[in-house]
Amino acid sequence: NSMLTTGLSANWHPSPRLGVRFRGHVRDMGQDFVEGTLARTSYRAAVTGSYQLAPGWTFATSIGANTTDAVGVPTLLAFDAMVRSPDRHPLRLSLTFLTTGESLMHR
């Protein structure tokens, strides 16, 4: 069995309170059998934006997708939003919505 993951991550701050982050990777997987090789490749990418509302209070949201070259497997889309409080107020709220690309097309 073999698995090779190549990833990329980049951060950008267009202003002191606003941050944008990109993450992505390609994963190649293989398994040798006596009669041949089973190989799959998957791809994942996500973009996250965060904004500091007040000192320590941060709002972030992201959108991402994960797909593979396997037949019959839909692309998985992910959306999430998060509010984080400063350490002096350890209240953490998050909302995550996850759906497949196939179900978005049928709505």
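A residue is termed buried when its relative accessible area is under 20%, exposed when over 50%, and partly exposed in between, as computed with a 1.4 Å probe on protein chains only. By this criterion, Ser-42 is buried, with a relative accessibility of 11%. The structure is a predicted model, in which local features need pLDDT of at least 70 and side-chain atom pairs count only at pLDDT 80 or more, while totals for chains, interfaces and linings use all residues. Residues are numbered from 1 along each chain as its sequence is written, and side-chain values use heavy atoms, with hydrogens and water left out.

The protein chain comprises six strands and one helix, where helices (H or I, at least four residues) and strands (E, at least two) are DSSP runs numbered from the N terminus. Their order from the N terminus is β-β-β-β-β-β-α. Of the 107 residues in the protein chain, 15% are buried. The chain exposes about 8000 Å², of which carbon and sulfur atoms supply 61%; accessible areas come from the Shrake-Rupley method with a 1.4 Å probe, and for residues only the protein chains shown count as cover. Contact denotes heavy atoms within 4.5 Å. Among contacts between residues at least 6 apart in sequence, 33% join residues at least 24 apart.

The mean over the protein chain is 81, and 79% of its residues reach 70 or more. Strand E1 (residues 2-12) has the highest confidence, at 93, whereas helix H1 (residues 101-105) has the lowest, at a mean of 47. Over residues 103-107, pLDDT stays under 50, and the model has five contacts beyond four places in sequence for this segment.

Several residues were examined individually. Ser-42 belongs to strand E3. Beyond its neighbours within four places in sequence, Ser-42 contacts His-25, Val-26, Arg-27, Met-29, Thr-67 and Thr-68. Strand E4 (residues 57-68) contains Thr-58, and Ala-60 lies in strand E4 as well. Thr-58 counts as buried because its relative accessibility is 13%; Ala-60 is likewise buried, at 8%. With neighbours within four places in sequence set aside, Thr-58 is in contact with Ser-50, Tyr-51, Gln-52, Met-82, Val-83 and Arg-84. Under the corresponding exclusion of residues up to four places away, Ala-60 touches Gly-49, Ser-50, Asp-80, Ala-81 and Met-82. Ala-60 and Val-20, 40 residues apart along the chain, have C-alpha atoms separated by 9.5 Å.

Val-83, one of the contacts of Thr-58, is located in strand E5 (residues 76-84). Val-83 is classed as partly exposed because its relative accessibility is 28%.

Definitions and conventions
pLDDT is the predictor's confidence in each residue, from 0 to 100.
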